[in-house]
Amino acid sequence: MSALSRIPNQEFDRNVTAADLDERFLLIGKLDGSLSAVYIKNGLQVFSVKISETEITAVCCEKHEEQEHEDNQVFYAGDISGNVFVTNKKGRILNKVHLLEGGISAIVNWS
């Protein structure tokens with residue numbers, strides 16, 4: 001089992017507003033509206049993209065089981081404006097929906 005005592009990436013030292021992890025990834029939402037993911041095993045960056053003009057307030061990792069390929073990771077992020085974004089492992093936005101007039105405070109994976 002991997003043990004990561006410190007992420008070898010200075011990008012996450014400040015402005016982190018949301019975080020989630022699964023068995024492979026650490027997902028970080030930041031104050032500037034960007035979303036980043038790193039591998040837990042070695043700390044290498046998977047992607048870092050700006051997806052919103054406002055603060056990211058909630059993030060969630062989920063393995064997408066419906067696809068035929070084994071590595072179909074999707075990531076969810078919500079911002080303070082009430083938008084929810086779905087991105088793939090390359091950081092590309094797959095979907096965006098406006099849910100609330102307030103901020104998204106949590107995204108829960110029930111699987």
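Modeller: A polar contact is a pair of N or O atoms within 3.5 Å; within protein, one must be able to donate a hydrogen and the other to accept it, and residues adjacent in sequence count only if both atoms are side-chain atoms. This is a predicted model, in which local features need pLDDT of at least 70, side-chain atom pairs count only at pLDDT 80 or more, and totals for chains, interfaces and linings use all residues. Residues are numbered from 1 along each chain as its sequence is written, and side-chain values use heavy atoms, with hydrogens and water left out.

Biologist: What does the side chain of Q73 reach at 3.4 Å?

Modeller: The side chain of Q73 reaches the backbone oxygen of E62 at that distance, 3.4 Å, and since the limit is 3.5 Å, the pair lies within it. Q73 also makes a polar contact through its side chain with the side chain of D22, at 2.9 Å.

Biologist: Is Q73 buried or exposed?

Modeller: Buried means under 20% relative accessible area, exposed over 50%, and partly exposed in between (1.4 Å probe, protein chains only). Q73 has a relative accessible area of 3%, so it is buried. This residue lies in strand β6, residues 73–79, where a strand is a DSSP run of E with at least two residues, numbered from the N terminus.

Biologist: How many helices and strands are there in the protein?

Modeller: The protein has 0 helices and 8 strands, where a helix would be a DSSP run of H or I with at least four residues. Of its 111 residues, 41% count as buried.

Biologist: What makes β1 and β2 a pair of strands?

Modeller: Two strands pair if DSSP finds at least two bridges between them. Strand β1 (residues 16–21) and strand β2 (residues 25–30) are joined by 5 bridges and run antiparallel, so they pair. A18 stands opposite G29 in β2, and the two strands form a hairpin with 3 residues between them.

Biologist: Which residues touch the most other members of the largest nonpolar core?

Modeller: A nonpolar core is a set of buried Ala, Val, Leu, Ile, Met, Phe, Trp, Tyr and Cys residues joined through side-chain atoms within 4.5 Å. The largest one has 14 residues, of which L27, L35, F47, V59 and F75 touch the most other members. The elements giving two or more residues to this core are β2, β3 (34–39), β4 (45–50), β5 (56–63) and β6, and β5 gives the most, with 3 residues. Of the 6 residues of β3, 5 are buried, and the strand is mostly covered.

Biologist: Which residues does V59 touch?

Modeller: Contact means heavy atoms within 4.5 Å. Not counting residues up to four places away in sequence, V59 touches A18, A19, D20, L27, I28, G29, L35, Y76, A77 and I107.

Biologist: What is the pair of F25 and Y39 called: stacked, tilted or edge-to-face?

Modeller: Rings of Phe, Tyr and Trp (its six-membered ring) pair if their centres lie within 6.5 Å, with planes under 30 degrees apart counting as stacked, over 60 as edge-to-face and the rest as tilted. A search of the whole structure finds 3 aromatic pairs. F25 and Y39 are 5.2 Å apart centre to centre with 35 degrees between the planes, so this pair is tilted. F25 lies in strand β2 and Y39 in strand β3, so the pair ties together parts that are 14 residues apart in sequence. Y39 counts as partly exposed at 24% relative accessibility, whereas F25 is buried at 0%.

Biologist: What makes the pair of F25 and F75 edge-to-face?

Modeller: The ring centres are 5.4 Å apart and the planes of F25 and F75 stand at 90 degrees, so the pair is edge-to-face. F25 in strand β2 and F75 in strand β6 are 50 residues apart, and the pair links distant parts of the chain. F75 is buried, with a relative accessible area of 0%, and ring pairs link F25, Y39, F47 and F75 into a cluster.
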